[in-house]
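The sequence and the structure are shown below.

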Amino acid sequence: MNKHPEYEGWMRLALSLAEKGRGETSPNPLVGAVIVKDGNLIGVGYHRGLGLPHAEAEALHAAGSSAQGATLVVNLEPCNHDGRTPPCTEAIIQSRIARVVTGLSDPNREVKGGGHEVLLHAGIEVIEGVLEEECSHLNRVFFKYVTQRLPWVTLKIAQTLDAKIALPLPLSLRERERVRGRVQISGEASRVYAHELRAEHDAILVGVGTLLSDDPELTIRYAAPRGKPLLRLVLDSTLRSPVEAKIFQQTDQYLTWIATTDRSDPSKRKAFQNRGAKVILCSKDSSERVALADLLSKLSDHEIAALLVEGGAAVHTAFLQQGFADEYIAILSPALFGEGGLSSLCDTLPHPLRFARSHWNILSPDAVFRGTIAK
């Protein structure tokens, strides 16, 4: 049964405002706020980026003195602690708002119910649980980050109808450039979408196999520029990556890291550092490769809350087998590569994966599947 349906329309507006901050607020949540009085909208706001005013503060500023006696609708419980900005509860109380309507409590242990309590103590009516599921899904990245101290991991793959991600390519970089256009899987609209996905995340990861076969730049060329820097990350346990690869030629414009182990040559590590890349030394797993658990923990320590894993098959398989993947995006293109093509997964999974929430979208000529993996 829906809770307080009279506020659902306003909450949907708050959610649409919150979405505008995606890719800029991490590791903070996505928050939108609207202020309503006598059925009329008198103020809106959303959190635009780290260190900038919160959604509630923006909406209150827009409403001005008219906020007195009005209703504030916000998708997440207002904060009641000092962080990069002052507490929102203080501004709400000072504005003499009469009622605050929220989607759900903030799981951050520094907030968690405290914001609601402060407002109630000040005599402000608080209504919780409006469009709770939608509000929770919007901030799934933030919720995992603050409760588990791990980034939300999204796997993105482009594949043919027969689940192939590439044809075997020549080994030399020059030969790869010559044949790449003939084996491009996705259409133009899907390539733009892929860059928009990069802009939504804090970091992009590829394995050394993808680096050797595709020599990707991992930049954002077909999407709106970000206000915060994008981290490009290569997973390479023994440092097989060539220092002349494209990703190591733009380290003055993009943060570039390479995750490795003590199996790698210290002189090679120094060579990457001289290129401007940061070498992250991780522990090894049972296969003598970078331990994903250790890598994810290190990323979290650097406030990486949203990680996009673009490939390849071995890396995707490892994340799925070890249970570290949270979301899966497959761009399905109308092509067949046949027996010679490389499969999207290179090993079996411990059990079939199901999706708790999913949808399809058409980006002609491709179809895009996006789903949250059921845990």
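Glutamate 58 is buried, because its relative accessibility of 18% falls under the 20% cut-off. In this predicted model, the side chain of glutamate 58 forms a salt bridge with that of arginine 48, with an N to O distance of 2.5 Å. Glutamate 58 belongs to helix 2 (residues 55-63), whereas arginine 48 sits in the loop between strand 2 (40-46) and helix 2, and the two residues are 10 apart in the chain. Arginine 48 is partly exposed at 41% relative accessibility.

A second salt bridge pairs arginine 99 with glutamate 125, and the closest N and O atoms are 2.8 Å apart. Since arginine 99 is in strand 4 (residues 99-104) and glutamate 125 in strand 5 (residues 125-127), the contact ties together parts separated by 26 residues in sequence. Both partners are partly exposed: arginine 99 has a relative accessible area of 24%, and glutamate 125 has a relative accessibility of 36%.

| Salt bridge | N to O distance |
|---|---|
| Glutamate 58 and arginine 48 | 2.5 Å |
| Arginine 99 and glutamate 125 | 2.8 Å |

In total, the count comes to 15 salt bridges. Salt bridges also link Arg140, Glu200, Glu327 and Arg370 in a network.

The helix pair is considered next. The axes of helix 3 (residues 88-95) and helix 4 (residues 114-121) come within 10 Å and cross at roughly 20 degrees. The two helices are therefore roughly parallel to each other, an assignment that applies to angles under 35 degrees. The crossing of helix 3 past helix 4 is right-handed. On the side of helix 3, Thr89, Ile92 and Ile93 take part in the contact, and they meet Gly115, Val118 and Leu119 of helix 4. Sorted by class, this contact holds 4 nonpolar and 2 polar residues, with no charged residues.

Technical notes:
Residues are numbered from 1 along each chain as its sequence is written. This is a predicted model: local features need pLDDT of at least 70, side-chain atom pairs count only at pLDDT 80 or more; totals for chains, interfaces and linings use all residues. Side-chain values use heavy atoms; hydrogens and water are left out. Axes are lines fitted to C-alpha atoms, for helices over the stretch in contact, and angles run from 0 to 180 degrees between N-to-C directions. Helices (H or I, at least four residues) and strands (E, at least two) are DSSP runs, numbered from the N terminus. Angles under 35 degrees count as roughly parallel, over 145 as roughly antiparallel, 65 to 115 as roughly perpendicular and the rest as oblique. A crossing is left-handed if the near helix is turned anticlockwise from the far one by less than a right angle, and right-handed if clockwise. Contact means heavy atoms within 4.5 Å. Ala, Val, Leu, Ile, Met, Phe, Trp, Tyr, Cys and Pro count as nonpolar, Asp, Glu, Lys and Arg as charged, and the others, Gly among them, as polar. A salt bridge is a side-chain nitrogen of Lys or Arg within 4 Å of a carboxyl oxygen of Asp or Glu. Buried means under 20% relative accessible area, exposed over 50%, partly exposed in between (1.4 Å probe, protein chains only).
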